[in-house]
Amino acid sequence: QVQLAESGGGLVQAGGSLRLSCTTSGRPSGDFLMGWFRQFPGKEREFVACISRYVGKTLYGDSVQGRFTIARDNAKNTVYLAMDALKPEDTATYYCAAVQRTLPSAHEEDYDHWGQGTQVTVSP
């Protein structure tokens, strides 16, 4: 079974940066689409970014375009979300997700593996 584990969340002031990591275990095979979603209190999960594990094709949500960067290190079975110019409205629980496919997707229902989430809090 595929397991995902996020790390790197924390408290940061507005304008600062954080880098989240998502490590995959359980010997995934084939090409995987790796995604990041976030969830605000009382809201549904929102798409942040995704990257194809092997071909490296990326997709970003409009709210983070130009500020967040997704990357992967296949040797470490890890994907990263580098978050710059953070705003208080970025405060959320961030989730890593995966699915065995190449086509990018911004829809949470297309992903079938999920991490437990890591909290990001941005203070004014």
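A residue is termed buried when its relative accessible area is under 20%, exposed when this is over 50%, and partly exposed in between, with a 1.4 Å probe and protein chains only. The model is predicted, so that local features need pLDDT of at least 70 and side-chain atom pairs count only at pLDDT 80 or more, while totals for chains, interfaces and linings use all residues. Residues are numbered from 1 along each chain as its sequence is written, and side-chain values use heavy atoms, with hydrogens and water left out.

A search of the whole structure found one disulfide, a term for a pair of cysteine sulfur atoms within 2.5 Å. The bond joins C22 to C96, with an S to S distance of 2.0 Å. Because C22 lies in strand β3 (residues 18-25) and C96 in strand β9 (residues 92-99), the pair ties together parts that are 74 residues apart in sequence; strands are DSSP runs (E, at least two residues), numbered from the N terminus. C22 counts as buried, at 0% relative accessibility, and C96 is likewise buried at 0%. The sulfur of C50 is 11 Å from the closest cysteine sulfur, that of C96, which is too far for a bond.

Note on methods. Helices (H or I, at least four residues) and strands (E, at least two) are DSSP runs, numbered from the N terminus.
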